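Subject: Handing over a structure

Dear colleague,

I am passing on a structure that I would like you to look through with care. Please open it first, and then read the notes below beside it.

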Amino acid sequence: MTNIDEMTAADPHAENCGRRERKKQQTRLALHEAALRLVDEKGLDGTTVEQICEAVDVSPRTFFNYFPSKAAAALDLPDSGISPEGAEAFRAAEGELVPALCALIGASMDDAQQRKRMKALVMRRPELMPAFAQWMGGVREQYFHLVRERADDAEAMAAVALTMAALSVIVHDGTAGGERPGAARLLEAVEQLVAARGALLRDAV
């Protein structure tokens with residue numbers, strides 16, 4: 001008997017809870033897929049929440065239980081940029097602050113397929129960029145509040161700023177989808193930024 005079977009046998013509500021959770025995941029995915037298709041075809045202004053709901057056969061009320069906006073649905077932006085597992089690992093981490101933060105943020109970089117899909121959609125539909133930038137600002141705040149649990153405010157702010165700048169370097173140089181773990185690439189980018197502090201000016205032309 002598997003652990004899931006044992007849980008179900010011990011708790012008759014476990015199976016129902018599992019089914020409800022799968023149904024919620026399926027509904028979220030269906031809303032995302034519908035929003036992605038419609039926004040890609042019609043643009044953000046040409047797509048309505050009602051059209052997305054009609055494609056999935058749910059109510060607008062149900063839609064807003066999963067996403068705050070049609071842009072968030074198209075990009076499949078989660079409510080939180082930090083998973084419970086990631087937060088727990090960071091809280092238990094030892095040693096230096098920035099490498100621990102790189103491990104936390106780097107873990108979210110390893111879903112290369114979803115990241116490429118999101119980037120491609122924003123390139124085709126740049127009107128989605130403000131929503132994405134707003135979401136990233138919220139994620140940055142979430143990182144800051146978590147890091148404050150393990151560092152003072154000044155250290156937390158500097159560490160988050162440095163690591164997010166490193167993430168921007170990786171995204172813009174096209175290596176975000178590399179084979180190495182995101183944490184390793186992120187820490188390498190941090191070291192490049194720190195090394196740039198001592199870079200010398202070239203002779204003027």
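In which helix is the place of Phe90? Phe90 is found in helix α6, where helices (H or I, at least four residues) and strands (E, at least two) are DSSP runs numbered from the N terminus.

Before going further, please keep in mind that this is a predicted model, in which local features need pLDDT of at least 70 and side-chain atom pairs count only at pLDDT 80 or more, while totals for chains, interfaces and linings use all residues. Residues are numbered from 1 along each chain as its sequence is written, and side-chain values use heavy atoms, with hydrogens and water left out.

The chain as a whole

The secondary structure of the protein chain comes to eleven helices and zero strands. Of the 205 residues in the protein chain, 30% are buried, a term that stands for under 20% relative accessible area, with exposed meaning over 50% and partly exposed in between (1.4 Å probe, protein chains only). The protein chain exposes about 13100 Å², of which carbon and sulfur atoms supply 55%; accessible areas come from the Shrake-Rupley method with a 1.4 Å probe, and for residues only the protein chains shown count as cover. Among the contacts in the protein chain with a separation of 6 or more, 65% are between residues 24 or more positions apart, where contact means heavy atoms within 4.5 Å.

The largest nonpolar core

In soluble globular proteins, nonpolar side chains tend to be buried together. A nonpolar core is here a set of buried Ala, Val, Leu, Ile, Met, Phe, Trp, Tyr and Cys residues joined through side-chain atoms within 4.5 Å. The largest nonpolar core has 26 residues, and those with the most contacts inside it are Leu101, Leu104, Ile105, Tyr143, Val147, Val160 and Leu186. Two or more residues of this core come from each of α6 (84-92), α7 (97-107), α9, α10 (153-172) and α11 (182-196), and α10 gives the most, with seven residues.

To return to Phe90, this residue counts as buried because its relative accessible area is 4%. Leaving aside neighbours within four places in sequence, Phe90 is in contact with Leu97, Ala100, Leu101, Leu104, Leu146, Val147 and Arg150. Although Phe90 and Glu149 are 59 residues apart along the chain, their C-alpha atoms are separated by 9.8 Å.

Leu104, which lies in helix α7, is buried because its relative accessibility is 9%. With neighbours within four places in sequence left aside, Leu104 is in contact with Ile82, Gly86, Ala87, Phe90, Tyr143 and Leu146. Gly86 is 18 residues from Leu104 in sequence, and the two are 5.8 Å apart in space, C-alpha to C-alpha.

Which residues does Leu186 touch, not counting residues up to four places away in sequence? They are Cys102, Ile105, Gly106, Met109, Thr163, Ala166, Leu167 and Ile170. Of these, Thr163 lies in helix α10 and counts as buried because its relative accessibility is 0%. The contacts of Thr163, leaving aside neighbours within four places in sequence, are with Val98, Leu101, Cys102, Ile105, Leu186 and Val190.

A second, separate core of 24 residues includes Ala34, Leu38, Ile52 and Ala74. Ala35, in helix α2, has 0% relative accessibility and therefore counts as buried. Not counting residues up to four places away in sequence, Ala35 touches Ile52, Lys70, Ala73 and Ala74. Ala35 and Thr47 are twelve residues apart in sequence and 8.1 Å apart in space, C-alpha to C-alpha.

Is Thr47, a loop residue, buried or exposed? Thr47 is found in the loop between α2 (12-42) and α3 (49-56), and it counts as buried because its relative accessibility is 0%. Leaving aside neighbours within four places in sequence, Thr47 is in contact with Leu38, Val39, Lys42, Ile52 and Lys70.

With kind regards
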